[in-house]
Amino acid sequence: MTIMSHTQYNLTQLAEAMMAHSPSGRIKAALIDMDGTLYDSMPNHARAWTRLMHEAGIECTDREFFMLEGSTGANTIDLMIRRQWGRPATDAEKRDMYALKAKYFVELPPVGPMPGAREMVDSLIARGITTVLVTGSGQNSLLSRLDRDFPGAFPADRRVTSASVTHGKPHPEPFLKGLELAGVSAGHAIGIDNAPLGVASAHAAGITTVGVVTGPVPCEALRDKGADVVFNSMCDCAKILPELLDIMETLKKRTL
């Protein structure tokens, strides 16, 4: 795993790191997270979660929810209730608290696409790579915007959401489901995520994993969960990832 500033990228080294899981050198699908990756939405999610928990009498900080990003809403509520009150959350609590959290989220100022995300997605599509959404979210407030903000990239039949899986991130199921929707094996895919739980999920699924630092989660946290490469911003990812994919194909040809 390699971490570097934009001026320090050793592209051959990074491409070789990515080929550890993709020895063919040919990437056919990109499985991409939503919150904090496609959209600059995590600060608002953290504020909404913190408001919800404080009103319920549960102690927490905004930062916790950046680290918990990728978990389903139900799992997050269950985790917080178990920690505070020593019991599992009821189904009614999961349903009602998540609905209230979603309400608080939409009351906050609208969020936009993460800087660099459109360019990153467009570059992948231009290469003929199938793009699949893999998110732990079930909030329609952002899911409903994908067709407008990323035209053609994430049609309804190429979306993994909290409603699609039994086990959320960091379990591999979300990314395994993404592979199924893309119709490719793990060796022909990359996972792109900004959160430790998402990186862990993609890594556990056997996918070449690209971590992107887009908030307060440190690069070391992504490295520790198995990221093969970490970019310091989505803009860096958009600029450098296409070059890495070219180098991967070149390196493979040299071995033939």
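Buried here means under 20% relative accessible area. Keep that cut-off in hand for the tour. The model is predicted.

**Stop 1: Asp-78**

Select Asp-78. It lies in helix H4. Is Asp-78 buried or exposed? Its relative accessibility is 14%, so Asp-78 counts as buried, the cut-off being under 20%. Now show its surroundings. Asp-78 touches Pro-88, Ala-89 and Lys-94, leaving out residues up to four places away in sequence.

**Stop 2: the cavity**

Stay with helix H4 and turn to the space inside the model. Rolling a probe the size of a water molecule over the atoms shows where empty space is left. The structure holds one cavity of 30 Å³ or more. The largest cavity has about 200 Å³ of space.

To find the spot, select Asp-35, Trp-49, Glu-69, Gly-70 and Ser-71. Of the 19 lining residues, these lie nearest the centre of the largest cavity.

Next, colour three helices: H2 (42–56), H4 (73–85) and H5 (91–107). Each supplies at least two residues of the lining. Which helix gives the most to the lining of the largest cavity? H2 does, with three residues.

Then colour the lining of the largest cavity by class. Ten residues are polar, five are nonpolar and four are charged.

**Stop 3: Ala-46 in helix H2**

Move along to Ala-46, also placed in helix H2. At 0% relative accessibility, Ala-46 counts as buried. Which residues is Ala-46 in contact with, leaving aside its neighbours within four places in sequence? They are Asp-62, Phe-65 and Phe-66.

Ala-46 and Thr-61 are 15 residues apart along the chain, and their C-alpha atoms are separated by 8.4 Å.

**Stop 4: the aromatic pairs**

A pair of aromatic rings is described by the distance of the centres and the angle of the planes. The count for this model comes to four aromatic pairs. Two of them are on the tour.

Begin with Tyr-39 and Phe-150. Their rings are edge-to-face, 5.7 Å centre to centre, with 90° between the planes. Where do the two residues lie? Tyr-39 is in the loop between strand E2 (29–32) and H2, and Phe-150 is in the loop between helix H8 (146–149) and strand E4 (159–160), so the pair ties together parts that are 111 residues apart in sequence. Tyr-39 counts as buried, at 0% relative accessibility. Phe-150 is buried too, with a relative accessible area of 3%.

For the second pair, select Trp-49 and Phe-65. These rings are stacked, 5.8 Å centre to centre, with 10° between the planes. Trp-49 sits in helix H2 and Phe-65 in helix H3 (residues 62–67); the pair links distant parts of the chain, 16 residues apart. Trp-49 is buried, with a relative accessible area of 8%. Phe-65 counts as buried at 3% relative accessibility.

Both residues have come up before. Trp-49 is among the residues nearest the centre of the largest cavity, and Phe-65 is one of the contacts of Ala-46.

Tyr-39, Phe-150 and Phe-154 form one aromatic cluster.

**Stop 5: a cis peptide bond**

Go to Pro-170, in the loop between E4 and H9. Most peptide bonds are trans. The bond from Lys-169 to Pro-170 is cis, with omega near 15°.

**Stop 6: Gly-183**

Carry on to Gly-183, in the loop between helix H9 (173–182) and strand E5 (189–193). Buried or exposed, how does Gly-183 count? At 63% relative accessibility, Gly-183 counts as exposed. Select Lys-28 with it. The C-alpha atoms of Gly-183 and Lys-28 are separated by 9.3 Å, while the two residues are 155 residues apart along the chain.

**Stop 7: Thr-209**

Finish at Thr-209, in strand E6 (residues 208–212). Thr-209 counts as buried, at 1% relative accessibility.

Show its side chain. What does the side chain of Thr-209 reach at 2.8 Å? It reaches the backbone oxygen of Ile-207. The side chain of Thr-209 also reaches the backbone nitrogen of His-203, at 3.5 Å.

Last, display the contacts. Not counting residues up to four places away in sequence, Thr-209 touches Gly-191, Val-199, Ala-202, His-203, Gly-226, Ala-227, Asp-228 and Val-229.

Notes: Residues numbered from 1 in each chain as written. Predicted model: local features only at pLDDT ≥ 70, side-chain atom pairs only at ≥ 80, totals over all residues. Heavy atoms only, no water. 1 Å grid on protein atoms, 1.4 Å probe; cavity = no way out; pocket = protein on both sides within 12 Å on 5 of 7 lines; lining within 4 Å. Points joined across faces, edges and corners; volume = space filled by probe spheres on them. Helix = DSSP H or I, 4+ residues; strand = E, 2+ residues; numbered from the N terminus. Nonpolar A, V, L, I, M, F, W, Y, C, P; charged D, E, K, R; others polar. Buried < 20%, exposed > 50% of the residue type's maximum accessible area, 1.4 Å probe, protein only. Polar contact = N/O pair within 3.5 Å; in protein donor to acceptor, adjacent residues only side chain to side chain. Contact = heavy atoms within 4.5 Å. Phe/Tyr/Trp six-rings, centres within 6.5 Å; stacked < 30°, edge-to-face > 60°.
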